[in-house]
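Trainee: Please pick one part of this chain and go through it closely. I would like to hear how its side chains are placed and what they meet.

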Amino acid sequence: MKFKKVLSVVILVLLCLGVVGCSNEPEDKGDKDITDLYTVTKNDDNTYSYSLSDWEGKTLFEKDDIVREPKINQISLTVYELITQTGTGLSTNWAVYCDVKNSKTSDIYYYVLAAKENYVICGDFKNGEHFIVVQEIFETDGDRYYKEYKLENVSPVAADFAVDCKIDANGTAIVTYLTGNDYTETDLTISLP
């Protein structure tokens with residue numbers, strides 16, 4: 001009798017382990033390989049086509065006939081940046097962000113300098129003035145964080161006034177831009193929200 005009880009308990013434990021181990025959907029899909037979601041193809045005319053899907057296989061963004069090969073960067077556990085350069089210098093790039101968990105696609109951002117977690121940092125020129133813009137990548141509840149930093153004494157350049165941006169582990173961005181007629185590299189430090 002005791003043997004039957006022990007055998008029943010062992011079988012029950014094995015069945016429980018089997019059910020847990022056979023779950024077809026991982027608790028945290030953040031470990032899912034991006035190659036399952038992202039495709040890039042070089043076309044016969046030397047252009048590129050690419051697409052990114054969410055965890056369920058729904059296409060979030062796709063683009064054809066891109067002159068340069070796009071790059072994909074992981075911005076957070078579930079958000080990926082698809083960035084494409086159309087010329088030389090940072091001012092010629094554009095990016096779109098896709099949240100593969102929540103099936104969201106961002107607006108297209110231009111002159112992208114950097115992105116981290118929920119924020120993108122871009123250069124902007126409007127009304128004869130130069131700005132660094134920090135904004136939330138995705139709109140939340142009809143609202144989006146947006147802040148402009150006006151730059152002073154920017155060098156007379158055609159397009160690339162901001163030449164670099166680094167974000168440290170604490171969420172501090174250091175944007176390097178050119179100032180004066182001697183094109184001095186000047187840093188703007190921004191604490192991300």
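Mentor: Aspartate 107 has a relative accessible area of 43%, so it counts as partly exposed (buried is under 20%, exposed over 50%, partly exposed in between; 1.4 Å probe, protein chains only). This is a predicted model, in which local features need pLDDT of at least 70 and side-chain atom pairs pLDDT 80 or more, while totals for chains, interfaces and linings use all residues. Residues are numbered from 1 along each chain as its sequence is written, and side-chain values use heavy atoms, without hydrogens and water.

The side chain of aspartate 107 meets that of arginine 144 in a salt bridge, 3.0 Å from N to O (a Lys or Arg side-chain nitrogen within 4 Å of an Asp or Glu carboxyl oxygen). Aspartate 107 sits in the loop between β7 (104-105) and β8, and arginine 144 in the loop between β11 and β12, so the bridge joins parts of the chain 37 residues apart (strands are DSSP E runs of at least two residues, helices H or I runs of at least four, numbered from the N terminus). Arginine 144 is partly exposed, because its relative accessibility is 23%.

Tyrosine 145 is in the loop between β11 (129-136) and β12, and with 27% relative accessibility it is partly exposed. Its C-alpha is 9.8 Å from that of asparagine 118, although 27 residues separate the two in sequence.

The count of salt bridges is four. One of them joins lysine 150 and glutamate 129, 2.7 Å from N to O. That pair links strand β12, which holds lysine 150, with strand β11, which holds glutamate 129, 21 residues away. Lysine 150 is partly exposed at 44%, and glutamate 129 is partly exposed at 30%. Another is formed by aspartate 164 and lysine 166, with their closest N and O atoms 3.3 Å apart. Aspartate 164 is partly exposed at 28%, whereas lysine 166 is exposed at 52%.

Next to β8 there is an aromatic pair. Tyrosine 111 and phenylalanine 161 are edge-to-face, with 5.3 Å between centres and 70° between planes (ring centres of Phe, Tyr or Trp, its six-membered ring, within 6.5 Å; under 30 degrees is stacked, over 60 edge-to-face, the rest tilted). Tyrosine 111 lies in the loop between β8 (109-110) and β9 (112-116), and phenylalanine 161 in the loop between β12 (146-150) and β13 (162-167), so the pair ties together parts 50 residues apart in sequence. Both tyrosine 111 and phenylalanine 161 are buried.
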